[in-house]
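Please have the sequence and the 3D view open while you read.

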Amino acid sequence: MLRISIPLQQKAFQVSGTCRVVIIGGGFSGASLARQLALHGGLASGDIVVFEPRETLGAGVAYDTADPALRLNVAANRMRALPEDPAAFIDWLGKSGRLKADPDAARGDSIYARRQDFASFMREVMQPLLDEEKVVHIRERVEHVKRHGGLWLVQGQSSTVYLADIVVIATSHPAPRAPAPLALALNGHPRFITDPSRPGALDPIMPDDRVFVAGAGLTALDIVASRIARGHAGTTTIFSRSGLLPREQDTANPAPFGDFTTSPAVTARMLLRQVRACLASANEAGLPWQSVFDALRQQGQAIWRNLPLNEQKRFLRHLRRRFETHRYRMPPQNAEVMQKELATGRLRLRAGRICRVERIAHRLQLDLILKPEGIVERCSFDWVIAATGPDHASVLKSQPWLSELERNGFVIADRHGVGIACDEASRAVDPDGKVVENLFVAGPLARGLFGELTGVPEIAQQTKAIAESIGAQGARSVVGRFLG
Ligand SMILES: Cc1cc2nc3c(=O)[nH]c(=O)nc-3n(C[C@H](O)[C@H](O)[C@H](O)COP(=O)(O)OP(=O)(O)OC[C@H]3O[C@@H](n4cnc5c(N)ncnc54)[C@H](O)[C@@H]3O)c2cc1C
């Protein structure tokens, strides 16, 4: 193995290896890119290195779960993970026997598979590439990324150091940020769960415990589904500012309906008018409203690009929450659990503001100012969980190496504060607006520019484009030149 010493953090580090591309993060985005590069990038064996502390590639925060109650939020036929074979996942569900083993996945014309099954599918997709060493998986968390002579030095937590031509940031979902009153009063408290997606985070909750969930998105509904499947009989309060919950998927699995690109909206208000008109047409045609939001999702990138910056901001300010409750929908199985739990009174929905938090022995006491009346309700809980979703706004502060890249002028937050600024080719943009040629952003962190870039099909398309652009630069390695 090649060993050269490079000063990094004022110390000399042994370089464990060189490669063409280091991908930081091996969730769906990182794995999808690694696969595309391995298949179409024209790279040599060992030239694609993925740093990912999890055991498998392709699972990530979204699918790395052993909890059978957690299901995909979209029907299996829409998990178009492999661009060249859009039906690969649903076919695999049948062939692998997973569908037979999970009869509860079927609802109407749709299959809502378990998230762990999607992780298994991705593991099988990636395994041959790992066996052939077309992709190398380093099971370490990256701690430093440094520029060295136009190349990148990437250091993992166990001091594995790679020297690479290109770095791709694919770490997507940081932990949630708890609402300030909770964070101030409860940080460090053993009954305050700040990252419910961490494996085992919910295990200590006892069956009769009273649970307060801050946030009313899909994460909150996952918590309810997961707790109920484990026999939780205590009360759960879901609390948010708006009180809006994600809407339910339609089990008929309708095709997308609506054209938002022929005469694209140039203001947020115009877009709203178009959506309302389209919803009315769908209704007349006997189609569910979900088909309109599926069309919005499909055409989302074009719609977003047609809105000027100030209108994008207006959309995010005024329409985002309402849009998201229709766009990110709950699987029918979660909807059934919710309805049942609401009917028994074990599940309560509250909207408003948290005005006071107190720790009283093991109890956590919260004063909530409730909408719309403004009355104050005092409640006691055994557990408080932050389920406000990934804190993309603070992503550059979420890890030392990202802060380091920002400090050294290689990345900046995007203009909407939802990720990292990049250009049309997904290359990072520096504070002067210049493209950083060999630093890419894969997956949802690039959605400030692209708009719709959260779901599997859109990410698969973006990573394909990144792989093509890296492939087009040729296999010739800057590392090779540097060393040779
Ligand atoms: C709970 C949840 C459920 C979802 N369900 C669906 C769904 O049903 N259908 C759908 O289409 N989309 C779904 N999504 C959307 C999701 O954004 C995408 O599907 C996709 O999985 C995003 O993957 P990713 O690799 O970009 O991000 P992540 O899943 O966040 O993966 C990032 C990876 O980076 C790793 N990492 C972080 N820091 C470092 C570091 N310093 N060094 C090395 N590695 C690091 C993490 O360990 C992680 O594995 C869901 C999202 C979430 C959060």
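Which atom of Asn 73 lies 2.8 Å from an oxygen atom of the ligand?

1. A backbone N or O atom of Asn 73 is the one at that distance from the ligand oxygen. It is a polar contact, meaning a pair of N or O atoms within 3.5 Å; within protein, one must be able to donate a hydrogen and the other to accept it, and residues adjacent in sequence count only if both atoms are side-chain atoms.

2. Before going further, please note that this is a predicted model, where local features need pLDDT of at least 70 and side-chain atom pairs count only at pLDDT 80 or more, while totals for chains, interfaces and linings use all residues. Residues are numbered from 1 along each chain as its sequence is written, and side-chain values use heavy atoms, with hydrogens and water left out.

3. The side chain of Trp 401 places an N or O atom 3.1 Å from a nitrogen atom of the ligand, and a polar backbone atom of Val 456 is 2.9 Å from a ligand oxygen. Taken alone the ligand exposes 1000 Å², and the protein buries 92% of that (Shrake-Rupley method, 1.4 Å probe).

4. Around the ligand there are 32 residues, and Ser 29, Glu 52, Tyr 63, Ser 172 and Gln 399 come nearest (a residue counts as near if one of its heavy atoms lies within 4 Å). Helix α2 gives the largest share of this shell, four residues (helices are DSSP runs of H or I, at least four residues, and strands are runs of E, at least two, numbered from the N terminus).

5. Leaving aside neighbours within four places in sequence, the contacts of Phe 118 include Tyr 63, Phe 89 and Val 456 (contact: heavy atoms within 4.5 Å).

6. Finally, some backbone details. The peptide bond from Lys 371 to Pro 372 is cis, with omega near -5°, and Pro 372 sits in the loop between β15 and β16. Ala 361, in the loop between β14 and β15, has a positive phi near 50°.
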